[in-house]
Amino acid sequence: MNAQALFTAYTTIVLREIRRFTRIWAQTLLPPAVTMTLYFIIFGNLIGSRIGEMGGFDYMSFIVPGLIMMSVITSSYANVVSSFFSMKFQRSVEELLVSPVPNWVILAGYVTGGMARGLSIGVIVTMLSLAFTRLQIHNLPMVVVTVFLTSALFAVGGFINALLATKFDDVSIVPTFVLTPLTYLGGVFYSINLLPEFWQSVSMANPILYMVNGFRFGILGVSDVNPFVSLGMILAFIVALSFVALKLLARGKGIRH
Amino acid sequence: MTNALEIEGLTKTYGSGFEALKGIDLKVAQGDFFALLGPNGAGKSTTLGIVCSLVTKTAGKVKVFGCDIDTHLSDAKLNLGVVPQEFNFNQFEKVFDIVTIQAGYYGIPLKKAAVSAEKYLRKLGLWDKRDTPARMLSGGMKRRLMIARALVHEPKLLILDEPTAGVDIELRRSMWAFLEEMNRQGTTIILTTHYLEEAEELCRSIAIIDHGRIIRNTSKRELLQQLSLETFLLDADRVLTTVPELDGFSCRLDDEGVLEVDVLKGQSLNDVFMQLEQQGIRVVSMRTKANRLEELFIRMVEHNAPAAKAEADE
């Protein structure tokens, strides 16, 4: 396939993914909007007003970047894992496997589709947050780069999960037992400086901490970790997971007999 | 001339240890209408699955129009269109989208894909259903949708795995006419089917696979010439109650008083009619008891069974 044909194949996958999640918007776009609004009301307004400042900002302002990032992470991951696994389940993945689309284009197409949903949710949640607080942007390039890379990383993660999953239960295990705890313990609701030294060190092993703090730095200008270390970590994870995903695709793991 | 498909020493052992293919060699000429026949579990779908890269091979070579799937997989796939045995499209997508998306995977831009999709959806009687979600289609329509999808990139080799399974007679015949037209226009077609009447009607070459080995690979004409005995059912002008004496022929009455006559290769049916006429019995209609290819197929597979069992026991 020449470059033009590869681009057509790539855009076909991406547009198909975007059509899919917009067609079922009530399942894909609405729930995170509702959940995050509740977070803003309960944690930000009701409880936050009693907590006072954190990291030099009022509590609502402090948690907004984390909540935006949390919704981006969850949606990017969920889009790819559910879409690709349902293709496996319905066997419509065979449409792709018999075609000449190279594996890297398949991966890129699904990851971009996941990012499209993740970033759409990010925009929706950001707009909602404006009803509760005034968002200032400390470093726009940092905000954009961090959110794009984080979304890409979790979309790749969702793709690997979909390849390895053999039943619907396997699709929800990672989000429930890995992603959610890591996100909640990744400094969305608190600064790790509040933790005892030992737990601060443990927290540093949580990759989501770097993403949340990188994004928070872009918005508020404060971070528990060096924001450039955050970017480096995200990039390293993207490279490593993409390598794993391409290896699994080449072996036909979960998709070829 | 390059063959449409060349398979050499193809083997497949699944993770469970089951040896589905035990060294298959097969050649399909360009423009041929080829049937791959075999009982359930013989290795038909595994063979075609490897050609379409849905199944990974254990060993052997596969070339599609000279493109080796190990070294030129993308080129090989561009020449291939696949109609699988089971429905494998997204049930929630619309008919038109399913076909144009498939074209997109082959690098065909939407504008061009839309023209090709319309052409095949019209030919297969699905144009009126283009905006219908696939799940709303009948079984026959879903089968035709898979054919339109497989053809949208104009492949030179079309592979159909039991394309008319569960399709009514009328629709089956219209699908046969469509496939014959595609073949006349130059598309090489390989099909597997359990309807041996279908293979006899459509195909020029036939391979029979059993227990992972090709036990016969020849032209249909040559294969049918091997048929040494055919059984005819003769309807007399009255219900027969006793078996007439027919010199040189074995005959018997079935449950409804219809005469069954075995005719060996080289014998003439005219002899049967003359002898019956002499006994005052007139034949008003006749038909073969079983499809000719079916008889041969059953005989070959039964003949191969002891060897396959002995091999499995080793």
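**Entry 1: the sheet of chain B**

I began with strand S1 (residues 5-13) of chain B, which runs antiparallel to S2(B) and is joined to it by seven bridges. Strands here are DSSP E runs of at least two residues, helices are H or I runs of at least four, and both are numbered from the N terminus. I count two strands as paired if DSSP finds at least two bridges between them. In this pair, Leu5(B) stands opposite Val28(B) of S2(B).

I then traced the whole sheet. It is open, has four strands in the order S2-S1-S4-S5 (chain B), and pairs antiparallel. Strand S2 (19-28) and strand S5 (67-68) of chain B are the edges, each pairing on one side only. Helix H1 (residues 44-51) of chain B packs on this sheet and touches S1, S2 and strand S4 (59-64) of chain B. The direction of H1(B) makes about 115° with that of S1(B). Axes are lines fitted to C-alpha atoms, for helices over the stretch in contact, and angles run from 0 to 180 degrees between N-to-C directions.

**Entry 2: ground rules**

The model is predicted: local features need pLDDT of at least 70, side-chain atom pairs count only at pLDDT 80 or more, and totals for chains, interfaces and linings use all residues. Residues are numbered from 1 along each chain as its sequence is written, while chains are lettered from A and ligands numbered from 1 in the order written.

I listed contacts, meaning C-beta atoms, placed from the backbone, within 7 Å. 21 residues of chain A are in contact with 26 residues of chain B. On the chain A side, helix H1 (3-23) and helix H5 (93-97) each supply at least two residues. H1(A) gives the largest share, six residues. That side divides into nine nonpolar, seven polar and five charged residues. Nonpolar covers Ala, Val, Leu, Ile, Met, Phe, Trp, Tyr, Cys and Pro; charged covers Asp, Glu, Lys and Arg; the others, Gly among them, are polar.

H1(A) and helix H3 (residues 95-105) of chain B pack at about 140°, with axes 7 Å apart. Thr8(A), Ala9(A), Thr12(A) and Arg16(A) meet Ile101(B), Gly104(B) and Tyr105(B).

**Entry 3: chain A overall**

I found 11 helices and two strands in chain A. Its C-alpha trace spans about 60 × 35 × 35 Å along the principal axes.

Notes
Contact = placed C-beta atoms within 7 Å.
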